[in-house]
Amino acid sequence: AEVGKLEAEIRFVVEGRQRVEQRLVQLKEQIASWSTRSQDAGVELEQLVVERTAEMVGLHTELEAFLSNASVGIISTANQKITRANKKFCEMFEVEMAQALGAASRDFFPSDGAYQELGKAAVPVLSVGKPFTYEAEMLARSGRKLWIQLIAYVANSSEPTKATWWILQDCTDVRRVQRELL
């Protein structure tokens, strides 16, 4: 009887060991599968990064070409400072690029009041991610008065205070002719 009991225990242990070995083989196969999928995912991710980087470089090149050749002044502002400007903006306001970048937006207005009026009109519209249009008297670096139509868009509507793009069109001559006709 003891031998029979011992045989049953040995069979139980052997069968248990076989089950454990089978499970280990299954787990090793699963790990190998995961490793292959992980490598494939890594390759796919690297390819996606390469594609997106090329896309971003292309978009950056297009943006730079647009900014360089635009017939209107274009600036980007953040925290009431100019962070980007195009050549036409510098021509209109008689500043070098180095002077424009980092300049306070207020520097191009004839008074604090005029600048504050723009802010009072712009903030409620831009803060909800909508485009904003305005006309204002502004000043070139020399003090020459300009009549400018401004169109503004937030760079990212989910973060409207982070950066704003401004398109500035010099309407000084049009305004002068309109006044002469009246």
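This is a predicted model: local features need pLDDT of at least 70, side-chain atom pairs count only at pLDDT 80 or more; totals for chains, interfaces and linings use all residues.
Let me begin with a network of salt bridges that links Asp173, Arg176 and Glu180, where a salt bridge is a side-chain nitrogen of Lys or Arg within 4 Å of a carboxyl oxygen of Asp or Glu. Residues are numbered from 1 along each chain as its sequence is written, and side-chain values use heavy atoms, with hydrogens and water left out.

Asp173 is exposed, with a relative accessible area of 52%, whereas Arg176, at 41%, counts as partly exposed. On this scale, buried means under 20% relative accessible area, exposed means over 50%, and partly exposed is in between, with a 1.4 Å probe and protein chains only.

A search of the whole structure finds five salt bridges. Another of them joins Glu55 to Arg52, with the closest N and O atoms 3.4 Å apart, and these two residues also lie three residues apart in one helix, namely helix 1 (residues 2–69). Glu55 is partly exposed at 41% relative accessibility, and Arg52 is partly exposed at 45%.

Which parts of the chain does the pair of Glu94 and Arg144 tie together? Their side chains meet in a salt bridge at 2.9 Å, N to O. Glu94 lies in the loop between helix 2 (87–93) and helix 3 (97–100), and Arg144 in the loop between strand 3 (132–139) and strand 4 (145–154), so the pair ties together parts that are 50 residues apart in sequence. Glu94 is partly exposed at 34% relative accessibility, and Arg144 is partly exposed at 37%.

Turning to the strands, strand 5 (residues 164–170) runs antiparallel to strand 1 (residues 73–78), and five bridges join them; two strands pair if DSSP finds at least two bridges between them. Gly73 has Leu168 in strand 5 as its bridge partner. Strand 4 and strand 5 are also antiparallel and are joined by seven bridges, with Ile151 standing opposite Ile167 in strand 5.

Against these strands comes helix 4. Its buried residues are Tyr115, Leu118, Ala122 and Leu126, and they pack against strand 3, strand 4 and strand 5, where contact means heavy atoms within 4.5 Å.

Finally, the aromatic residues. The structure holds five aromatic pairs, and rings of Phe, Tyr and Trp (its six-membered ring) pair if their centres lie within 6.5 Å, with planes under 30 degrees apart counted as stacked, over 60 as edge-to-face and the rest as tilted. The ring centres of Phe132 and Tyr134 are 5.6 Å apart and their planes are at 25°, so this pair is stacked; Phe132 and Tyr134 are both buried. Elsewhere, ring pairs link Phe89, Phe93 and Phe108 into a cluster.

How values were computed
Helices (H or I, at least four residues) and strands (E, at least two) are DSSP runs, numbered from the N terminus.
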